[in-house]
Amino acid sequence: MKYTNYCNPSEFRQLSSSCNHYEAYFDEDDNSYITYIAAYLDTRLVGFISCITPDLSITDHQQICYVEITAMVHPDYRHKKICSNLLSKLYILIEDMSNQFNKKNKTCVSIQFICTVNDKNAKNHHLVLHSCDYLMILKDTNPLDRENQKQISKDKKQPNHIKNHYQSCFSPDKSCYMLFDKNFSSPIAVCELEYFQSYTCISNVYVDSDKRGKKIGTSLIKNLIQDYFHAEHKLLPLILHVSSTNPAALQLYKNCGFSIYEQVNYYYINVPVI
């Protein structure tokens, strides 16, 4: 078995297809932000493991960097410890990054792998739950009630300092929604939108650090909902992902009308020794 940090994109697609089109972290155009290891038997790609290259400077108060991994092994080559070997090798690679970072910055960041696993398999392997990722959804209101809903959305829990001093709008290409102060110099809150055939996804919600705790994030999302759903034509549902480790964001989206559609569990992964 040969383990390498290079994977041919066409071979990756073929392996993914054999694994029910599982989508492991991989970018055919630019893998600079992804760390991965591929397993080859002779010239055939039989296993693959990857993660988003961790930003070790962003950790919690315990100085633990949680790294989500994705992995797949060809059905014909499972139960041969290929996944275990890939996991160990990836851990060594990430651990080396951590050691270099700690040495350079005189800190003590540690690495903890997590991943999504079938709940039955997690139970069989005695894996411990780390967190949940909630897929939340908001559908359009009844067209006949749009004007009433528009006024309710505009007035409900909107402090005067928000209604009178902030304005919001889409970017020209509608890929972003932005909230400005009265000077319109630069946005103080922003989120991104990605449009798909059956839904629109909200991501990367950001509020300036000095504006947090003032309901600016709530205003951004409520105004987005108002402008998105009260356009002249029918629009698709809005969806977003939020982690159970961010209860403030979860409550914010619930207050704005989003409901949980699906829950994905993440488990701690014990790295085997090889």
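Me: Happy to look at this predicted model with you! Which helices and strands each supply at least two residues of the lining of the largest pocket?
Reply: Those elements are β4 (64–73), β6 (129–138), β10 (200–207), α6, β11 (238–243) and α7. The most comes from β10, with six residues.

Me: What makes a residue part of that lining, and which are closest to the centre of the largest pocket?
Reply: A lining residue has an atom within 4 Å of a pocket point. For the largest pocket, 46 residues do, and H241, V242, S243, T245 and N246 are the closest to its centre. The space inside comes to about 1500 Å³.

Me: How do the lining residues of the largest pocket divide by class?
Reply: There are 21 nonpolar, 14 polar and eleven charged residues.

Me: Why are α6 and α7 called oblique to each other?
Reply: Good one! The axes of α6 (residues 216–229) and α7 (residues 247–255) cross at roughly 40°. Angles under 35 degrees would count as roughly parallel, and 65 to 115 as roughly perpendicular; α6 and α7 are therefore oblique. Their crossing is right-handed.

Me: How do you know that α6 and α7 are in contact?
Reply: Contact needs heavy atoms within 4.5 Å. On that basis G217, T218, I221 and K222 in α6 meet L252, Y253 and N255 in α7. By class, this contact has three nonpolar, three polar and one charged residues.

Me: And what is the volume of the second largest pocket, and which element gives the most to its lining?
Reply: Its volume is about 1100 Å³, and β4 gives the most to the lining, with five residues.

Terms used
Residues numbered from 1 in each chain as written. Predicted model: local features only at pLDDT ≥ 70, side-chain atom pairs only at ≥ 80, totals over all residues. Heavy atoms only, no water. Axes fitted to C-alpha atoms, helices over the stretch in contact; angles between N-to-C directions. Helix = DSSP H or I, 4+ residues; strand = E, 2+ residues; numbered from the N terminus. Parallel < 35°, antiparallel > 145°, perpendicular 65-115°, else oblique. Left-handed = near helix turned anticlockwise from the far one by under 90°. Nonpolar A, V, L, I, M, F, W, Y, C, P; charged D, E, K, R; others polar. 1 Å grid on protein atoms, 1.4 Å probe; cavity = no way out; pocket = protein on both sides within 12 Å on 5 of 7 lines; lining within 4 Å. Points joined across faces, edges and corners; volume = space filled by probe spheres on them.
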